[in-house]
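Visitor: Please put the model on screen. Then let us take it by question and answer.

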Amino acid sequence: MNLNSLDLNLLVALDALLMEANVSRAAMRIGLSQPAASHALQRLRELIGDPLLVRSGARMELTPRALALRAPLAQALDQVRALFVPDDFDAARSERQFRLMMPDLAVELLMPPLMEKITRLAPNVTIDVVPWRGSAIFTAEFARTIDMVISIGDAFKGFHRQLLYTDADALAVRRGHPSASKLKTKEAFLSARHVAVIIRGQNEDLIDSWLRAKGIERRIALIVPGYIEALHVAARTDLVAFVPRRLIAALSQQLSLKTIAPPLDPGIDEQFMFYPTRAQMDPGSIWLRKLMLQTGRELDRKRP
């Protein structure tokens, strides 16, 4: 059979004819006129090479070929219909794995409260977090494997974004740092030795891009690939880390860190949740996005 010549409506008509074994009732079942149903039966006979319905006295009977088609046709039509109906997402029973891309600071701030929710609502769901990478190496092939991105900016093609939470950058130093009280001044800030954070796919620390626009260059003594590493170094040396304030607050007690307001106002950082356009109507993605947005709003309500 040449499938190019097959009209899906004919399969719907065939299903009704096989169910009713009567042209008039089949026509009523699918909203056709009797002549239209008779015409559909004739076309089906030609396509399948079988009479399908034959007269036996005052009624019609299905041929053996028609009887054999009944169950597989109904199953096939159910599968076709399912293509156009979104699958439900049963969180409590799901064993789905979601792949998220985010910087280490987002892992530190968001994943503990998010995983608490997921463990309670979906104990068999797995979250796979991969390191953040810049747009220059965020290839289309890699993007197809990602269910969600947490990042600043708007550099991910094929992804929608929603505001997750806000933050502001501050200086982090170890408790007992000899120049801590002076770092609020521009002179002390510029004379201090800093640890910079350059994440994979970036050319420089975003703080330095912002400072350079103001004609300021700070002294970089060390470059690390993550914010948490920067804080660990600052906690054990006299280096200064210029990082998001919420992260300092989260680790200040554990690492014995002190938060200092910088001499220049860095403004507000907006952290966004990105999700693929292709997953906009996916029930599982919708479920995870709601949990992530809830977690971000809870974080936003806390004062760092």
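Visitor: At what angle do H5 and helix H9 pack?
Guide: The axes of H5 and H9 (residues 227-236) lie 6 Å apart. An axis is a line fitted to C-alpha atoms, for helices over the stretch in contact, and angles run from 0 to 180 degrees between N-to-C directions. Helices (H or I, at least four residues) and strands (E, at least two) are DSSP runs numbered from the N terminus. For H5 and H9 the packing angle is about 90°.

Visitor: What are the ground rules here?
Guide: This is a predicted model, where local features need pLDDT of at least 70 and side-chain atom pairs count only at pLDDT 80 or more, while totals for chains, interfaces and linings use all residues. Residues are numbered from 1 along each chain as its sequence is written, and side-chain values use heavy atoms, without hydrogens and water.

Visitor: How are H5 and H9 oriented to each other?
Guide: Under 35 degrees counts as roughly parallel, over 145 as roughly antiparallel, 65 to 115 as roughly perpendicular, and the rest as oblique. The angle is about 90°. H5 and H9 are therefore roughly perpendicular.

Visitor: Which residues of H9 make the contact with H5?
Guide: Contact means heavy atoms within 4.5 Å. H5 brings Asp 104, Leu 105 and Glu 108. Facing them in H9 are Tyr 227, Ile 228 and Glu 229.

Visitor: H5 also meets H11; are they parallel or oblique?
Guide: Their axes come within 10 Å and cross at roughly 130°. The pair H5 and H11 is therefore oblique.

Visitor: How many residues in the contact of H5 with H11 are nonpolar?
Guide: Ala, Val, Leu, Ile, Met, Phe, Trp, Tyr, Cys and Pro count as nonpolar, Asp, Glu, Lys and Arg as charged, and the others, Gly among them, as polar. The contact includes Leu 109 and Pro 113 of H5 and Trp 287 and Leu 291 of H11. Three residues are polar and two charged. The nonpolar count is 11.

Visitor: At what angle do the axes of H1 and H2 cross?
Guide: H1 spans residues 8-20 and H2 residues 23-30. Their axes come within 8 Å. Among the residues that meet are Val 12 and Leu 17 in H1 and Val 23 and Ile 30 in H2. The axes cross at roughly 130°.

Visitor: What volume does the largest pocket have?
Guide: On a 1 Å grid over the protein atoms alone, where a 1.4 Å probe fits, a pocket is an open set of points with protein on both sides within 12 Å along at least five of seven lines; lining residues have an atom within 4 Å of a point. Points join across faces, edges and corners, and volume is the space filled by probe spheres set on them. For the largest pocket that is about 420 Å³.

Visitor: Which element gives the largest share of its lining?
Guide: The lining has 23 residues, with Ile 152, Asp 169, Leu 206, Tyr 227 and Asp 269 nearest the centre. Strands E6, E10 and E12 and helix H8 (206-213) each give two or more. The largest share, four residues, comes from H8.

Visitor: How much space lies in the second largest pocket?
Guide: Its lining includes Leu 109, Arg 246 and Glu 298. Helices H5, H10 and H11 each supply at least two lining residues. The space is about 190 Å³.
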